[in-house]
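Please consider the following structure, presented for discussion in question-and-answer form.

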Amino acid sequence: MVAQMTTLYLDYVSNLFIIMTSRQLAYTASLFMLVLCVCALLKDRHPRLQMTLWLLVFVRALIPAHWSTSFNLRHLLEQWLPQVKYFDPLFQLHQLDLIIHLSAPISVQFPYITWSMALLLAWISITTLLFIRLFNQRKQFRKIVQQSDVVTQASHLALFYHLHGKFKLRRTVSLVAGDANVSPFTIGTLRPVIYLPKEMLNSLDKQALMSVIAHEMAHIKRYDDLSGLARQLMQRVLFFFPVVWFTNRQIDEQKEIACDRMAVTSSKLTVGDYANSLLSIVKHFQNQSSVKVPSLSLRRQSYRARLLALKHYSIKGLSSGSLALSAALLTILFIMPMGSQHAISHTLKLRSLQALPEPMPLLSPPVQGGELYAGFHDVDIRLPMGVGKMQVFHDGLDFMVPVGSPVFAMADGKVIKVVDQPEDGIAMTSGGYVLIEHTNGIEASYHYVGNSSLQPNQLIKQGEQVGELLRVAFSPRDFPENLEQPRVPARVHISTRYQDVAIDPSQVIDLSQYTR
């Protein structure tokens with residue numbers, strides 16, 4: 001019993017993680033396609049706006065899927081394309097179908113390990129390894145800095161302090177040079193350090209050296225090392241989602257372009273002189289195949305994009321105020337435009353009403369007596385470790401009766417499936433169930449039902465016993481404390497479908513004897 005309870009709880013945690021993550025990533029992918037089209041139109045212009053758009057995509061991947069605003073682009077689209085409102089409900093139903101398969105045991109030999117638990121364990125393991133690799137890489141660059149010498153040459157220091165003043169930096173910045181054959185980089189947030197290879201420091205002219213140091217100063221001004229580390233960590237968490245990797249690369253590229261523009265402005269170099277400095281750095285490293293790259297700064301594609309962006313530098317960009325206003329509007333319109341749980345529930349109910357072609361004879365109740373509890377609407381579930389609650393859609397109707405009560409067929413029909421072992425997700429959470437296709441076209445699932453003598457393809461008459469109500473071992477549902485039942489009350493859960501559309505059971509079951 002303890003092993004079963006532990007399995008059900010861990011399976012619930014795994015499924016909750018999969019559901020919440022998949023919704024967030026589905027919404028992120030839709031926003032990604034929109035931003036990709038916009039940035040393709042902008043080409044090399046407005047790098048700050050492009051970086052803001054890509055940051056919105058990245059932030060969307062972090063925001064819980066159920067967050068939404070009252071006014072957003074989605075509501076506008078629904079006015080022109082009513083089909084948009086069905087995206088969330090249908091996606092949620094497909095998620096539930098997926099969970100049914102993922103909650104099945106991985107094998108008969110391991111009945112208490114489900115596929116969703118295995119996936120979560122694999123995700124934790126791979127993420128941990130990627131974290132270790134990332135921190136080892138940063139450790140290597142810190143080691144390079146520790147083994148380097150502080151720059152003491154007067155001409156270099158004069159240039160360094162001149163740019164430090166131009167950028168109005170209040171933090172203490174160090175300039176070091178070493179023998180490591182790596183590209184220039186900056187590491188650290190509170191006490192940042194700029195690293196330059198000694199060979200490059202001694203070979204570049206004053207103009208090129210000013211360009212390099214000014215560019216690194218811009219990174220410090222923007223706190224790029226801290227924000228970049230945060231993005232890299234999140235990229236490791238979502239390693240399985242290519243959109244995050246692509247988005248991170250775009251942000252890095254636009255970040256380099258933004259630093260180029262800041263460097264040109266602060267160093268008072270002309271765009272042409274700064275571009276020539278970039279080319280001289282490329283020539284310096286082009287014959288050094290062993291160069292390590294801590295960022296995108298030495299990627300050929302990155303340099304090409306940076307030079308093209310400098311070509312359009314004279315084009316007036318967005319001001320800081322305009323950029324802030326644009327970011328605020330885009331946040332409202334794009335980051336949280338997904339349907340709320342209330343909207344999803346309303347759409348599923350409306351779809352249920354529209355699915356039945358005409359009134360049909362009502363089915364009889366599956367139990368004798370008892371009470372109705374949850375219906376075809378949202379219910380609260382408890383999140384793990386007591387962090388709160390969230391609402392999910394309850395796609396059926398619960399009849400509360402004592403454990404062991406007989407459960408009866410609601411109409412004539414044919415038995416499709418009888419499961420009393422945890423061979424799939426439904427049986428894993430409910431203990432057992434029976435699926436019957438009734439003669440009126442309604443397909444009904446009788447959950448928490450076991451001890452059944454029925455066989456697949458067997459014909460059954462209305463009122464014949466389907467099985468007995470099982471004791472419910474675990475449920476994440478938040479049941480009221482005033483129920484005269486155990487913490488998890490015994491109940492028969494009935495879900496109905498018509499032509500593969502989820503139907504509100506109260507539309508097709510005679511509930512005249514119950515108080516609703």
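**Aromatic pairs, a helix crossing and a sheet**

Phe240 is partly exposed, with a relative accessible area of 39%; buried means under 20%, exposed over 50% and partly exposed in between, with a 1.4 Å probe and protein chains only. This is a predicted model, in which local features need pLDDT of at least 70, side-chain atom pairs count only at pLDDT 80 or more, and totals for chains, interfaces and linings use all residues. Residues are numbered from 1 along each chain as its sequence is written, and side-chain values use heavy atoms, with hydrogens and water left out.

Q: Which class of aromatic pair do Phe239 and Phe240 form?
A: Rings of Phe, Tyr and Trp (its six-membered ring) pair if their centres lie within 6.5 Å; planes under 30 degrees apart count as stacked, over 60 as edge-to-face and the rest as tilted. The rings of Phe239 and Phe240 lie 5.5 Å apart centre to centre, with 85 degrees between the planes. The class of this pair is therefore edge-to-face.

Q: How many residues apart in sequence are the parts tied together by Phe17 and Trp123?
A: Phe17 and Trp123 form a tilted pair, 4.7 Å centre to centre with 45 degrees between the planes. Helices (H or I, at least four residues) and strands (E, at least two) are DSSP runs, numbered from the N terminus. Because Phe17 lies in helix H1 (residues 2–42) and Trp123 in helix H5 (residues 115–146), the parts that the pair ties together are apart in sequence by 106 residues.

Q: At what angle do the axes of helix H8 and helix H10 cross?
A: Axes are lines fitted to C-alpha atoms, for helices over the stretch in contact, and angles run from 0 to 180 degrees between N-to-C directions. The axes of H8 (residues 206–221) and H10 (residues 242–267) come within 8 Å. Their crossing angle is roughly 115 degrees.

Q: Which residue in S17 stands opposite Pro406?
A: Two strands pair if DSSP finds at least two bridges between them. An open sheet of three strands has the order S11-S17-S15, with antiparallel pairing. Three bridges join S11 to S17 (residues 465–469). Opposite Pro406 stands Glu468.
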